[in-house]
Amino acid sequence: MKYALVLVNIKGLGVRTFSYLIPEEMKEIIQIGQAVLVPFGRQGLINAFVVGFSDYLPGDFKVKKINKIIDETPLFSIKYLKLLEWVANYYCTDFVTVLNAALPMKLIEKNAKVEQSVSFINDENEKLTKRQKEILQLLKEKGKSSLIDFEEEAKTTRSTMKKLENLGCIKIDTEYVYRNPLSIFKDVKTEPLFELSGEQITVYEGIKSKLKSQNPILLHGVTASGKTEVYFRLIKDVIDSGKNVLFLAPEIALASQLTKRLARKFGIKDVAIWHSSISDGEKYDVWQRLYRDEIKILAGARSAVFAPLQNIGLIIIDEEHEGAYKQTSPAPRYDARVVARRLAQFHQAPLLLGSATPDVSTYYYATNNNNLFEMKHRFNNSPLAKPQVINMQEYGRASYRGIISKPLQIEITETLERGQQVILLMNRRGYSTYTQCKACGTVVECSDCSIPMIWHASTKTLKCHYCNKEMHFPDFCPQCGSDALSTSGVGTQKIEVLIKELYPDARVERIDSDILTRKNAHIELLNRFQKGEIDILVGTQMIAKGLDNPNVTLVGVLSADTGFNIPDYRASERGFQLLTQVAGRAGRGEFKGKVLFQTYNPDFYAFQTAKSQDYEKFFETEIKSRQEFDYPPFSQIIRLILSSENQFRAEKSAMEIALRLNTMTEKFGFGEYLETLGPTPCIIEKIHKLYRFQILIKNKLSQKGHDFVSKFLNKITLPKDIKLAIDVDPLDIL
Ligand code: ADP
Ligand code: ZN
Ligand code: ZN
């Protein structure tokens, strides 16, 4: 062991690895994962991490010596690097790209000055910072001793929140208080776990009997069936046995809620949260505590799968069907579920997935492996609302502006009269969906992307939903010069306007990604909705998740067909999931709920099964068509996208790659099992000025096919003006 491979993060160069000589006196103590100081050109000494050793140099150059080991306690292990290496291989990307995504950058930056986060007050005698004292004083003044009480309070009093914000320790809106509640407060009274119901016990016992399984276990339970309480019981068993639990939620807001619930049940000291938005200081603290095995339960979003939790005894992934578990861009395009599965294997721990609308592949495997557990009733036995279908072919004409049908109007009126609340789903943002010239038919497209520009009444601009480019509404048609341009189609903004016209006295708000100019603005709106300060909430799929408001008794889906028509093999699955999830928001409390779907396609199967909320039936039909067309789970899809500003060159290199791949597969006799489709222009042909061509590889040879493709891809070199994106198990193929 002569040389150490170290990781550095240099401005302009990014994260890279370099070799350094290990001085004699360090040979005994140097370890993978340690922070070291190394000389680096004119920058002098910089921070680095040891990630490997070798006896040889990768080239002929003069090697410098490691200057110093900053901290003998490593920050990650060889096992950890092995996991990252596996991720790099699986997703056909390089190791450093994965490291880059997994390690908090502050840990490896030059002269990393870790900001002093509010540190953990575990010990009475520990010195408090001035700020902490101020906060504690504030709490005392308000007569609060526990975090939870204070939070409830803080939510209602803006000035208190402002004060806390000014203290600088926690950020912004209702979320901020418990963004990392665990860092400030010490004593939250823990509550006992609930007694499980009969159905919960059956499922709990069943899962217990499968904990040695190598394959993922699926808990398929309707919305509000009490899955979380089952998880908690399992978590208790695991931590009682001395092991730790990783618990993933699809997004930050849900992870925060979950952390709070966990802290109440298991005590704040044993719980930590991890997601991309916690501060670098917090990351640094949590990272070290994880590495020292001081945390028993880590809750978090996708990236928490890379946090160095030790001694894992159980991994839980809630709402496992959510697309947010997959990072689409940039690389590594990893799926936290896939990484978690590998992580579970490393620790010989079970992986438990939960959902009311499981991913079709997950369900398929769980059934085949006999690892499926189901809960079919809500915990409080409130019935699931059976959606009623409004056929817009019949009702369209009599509707308000052709969009809001009479039956929906009547239901809204009655719900408001009862003092109850309404959710309206319109899964397209903006005001209209396209702008067209009535004279020549031209649709106004983004100049950089091949998609229609969408009118946004709120900003009075046309916007591209891919690259965010904005333009004024043109006076004349760019094609024929006529002034007959008009907008068509419906988005959330238009619904908001129409609803306000119809119900001028109702308090109406809209949630979609356009309101996210302020971070977490949607969480604030959701909280106001929860408190009854909003009567009608209009929104995109952002409102379909997580809302548990017993006063919501009406859910209207304005255009239930949206989503089903997208040319993607997972369109039906996603449409079904969305409709089932949003329907699940109605009637969760003591009042009976109603759900109305407006559609032009009442007979479509995915739609019919969503209507009866019949997952099994949907699955049966869907899995047949997947099998017929060799889509997952009957194959693995590896998607290649070649893009360039030069359309011709992008197409040409895509053709070359497809041809070479075909020749290779034929030569090895894999042709039938490694199907290469394309190249074809992507459905969205141009994004950000880049023309895009795709090749889809359907791999029916599992690991062997994957290895073959990844070896092939490794050898590809492309001219500078052509980009290749490799997406293993892509979320969509648009
Ligand atoms: P899910 O995770 O399936 O959506 P939750 O676990 O959140 O459902 O449960 C729904 C509601 O029922 C929650 O308010 C929860 O506190 C309550 N609940 C679930 N199980 C129990 C139980 N065994 N005893 C008391 N309340 C329960
Ligand atoms: Zn025209
Ligand atoms: Zn664009």
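Predicted model: local features only at pLDDT ≥ 70, side-chain atom pairs only at ≥ 80, totals over all residues.
Colleague: Which residues are the protein donors of the zinc ion (ligand 2)?

Modeller: Donors are N, O and S atoms within 2.8 Å of the metal (3.2 Å for Na, K and Ca); water is not among the atoms, so sites may look incomplete. Here the donor atoms lie 2.3 to 2.4 Å from the zinc ion (ligand 2). Their spacing along the chain is C-x2-C-x36-C-x2-C. The donors are the SG atoms of Cys437, Cys440, Cys477 and Cys480.

Colleague: What arrangement do the four donor atoms make around the zinc ion (ligand 2)?

Modeller: Four donors count as tetrahedral if all angles lie between 85 and 135 degrees; four count as square planar and six as octahedral if opposite donors are over 155 degrees apart and all others between 65 and 115; anything else is irregular. Around the zinc ion (ligand 2) the angles are 107 to 112 degrees, so the arrangement is tetrahedral.

Colleague: Is Cys480 buried, partly exposed or exposed?

Modeller: Buried means under 20% relative accessible area, exposed over 50%, and partly exposed in between (1.4 Å probe, protein chains only). Cys477 has 5% relative accessibility, so Cys477 counts as buried. Cys480 has 40% relative accessibility, so Cys480 counts as partly exposed.

Colleague: What spacing do the donors of the zinc ion (ligand 3) follow along the chain?

Modeller: The zinc ion (ligand 3) is coordinated by the SG atoms of Cys446, Cys449, Cys464 and Cys467, at 2.3 to 2.4 Å. Their angles are 106 to 113 degrees, which makes this arrangement tetrahedral. The spacing is C-x2-C-x14-C-x2-C.

Colleague: How many residues apart are Cys446 and Cys464, which link distant parts of the chain?

Modeller: Helices (H or I, at least four residues) and strands (E, at least two) are DSSP runs, numbered from the N terminus. Cys446 is in the loop between β15 (434–437) and β16 (454–456), and Cys464 is in the loop between β17 (461–463) and β18 (470–471). Cys446 is buried, at 4% relative accessible area, and Cys464 is buried, at 1%. The pair is 18 residues apart.

Colleague: Which helix gives the most to the shell around ligand 1?

Modeller: The shell takes in residues near the ligand (a heavy atom within 4 Å). Among them are Phe194, Gln200, Arg261 and Phe379. The helix that gives the most, with three residues, is α8 (residues 227–240).

Colleague: Where is the N or O atom that lies 2.6 Å from an oxygen atom of ligand 1?

Modeller: A polar side-chain atom of Gln200 lies 2.9 Å from a nitrogen atom of ligand 1. A polar backbone atom of Gly226 is 3.0 Å from an oxygen atom of ligand 1. The atom at 2.6 Å is in the side chain of Thr228.

Colleague: How many of the 10 residues of helix α16 (residues 521–530) are buried?

Modeller: The buried residues include Ala521, His522 and Phe529. Asn527 lies in this helix and counts as buried because its relative accessibility is 19%. Helix α16 is largely enclosed by the rest of the structure, because its buried residues number eight.

Colleague: Which residue does a cis peptide bond join to Ala331?

Modeller: One cis peptide bond joins Ser329 and Pro330, with omega about -5 degrees. Pro330 lies in the loop between β10 (312–317) and α11 (336–347), and Pro332 has its place in the loop between β10 and α11. With omega about 0 degrees, the residue joined to Ala331 is Pro332.

Colleague: Is Gln348 buried or exposed?

Modeller: Gln348 lies in the loop between α11 and β11 (351–355). Its phi is positive, near 50 degrees, in a residue other than glycine. With a relative accessible area of 71%, Gln348 is exposed.

Technical notes: Residues numbered from 1 in each chain as written. Chains lettered and ligands numbered in written order. Heavy atoms only, no water. Polar contact = N/O pair within 3.5 Å; in protein donor to acceptor, adjacent residues only side chain to side chain.
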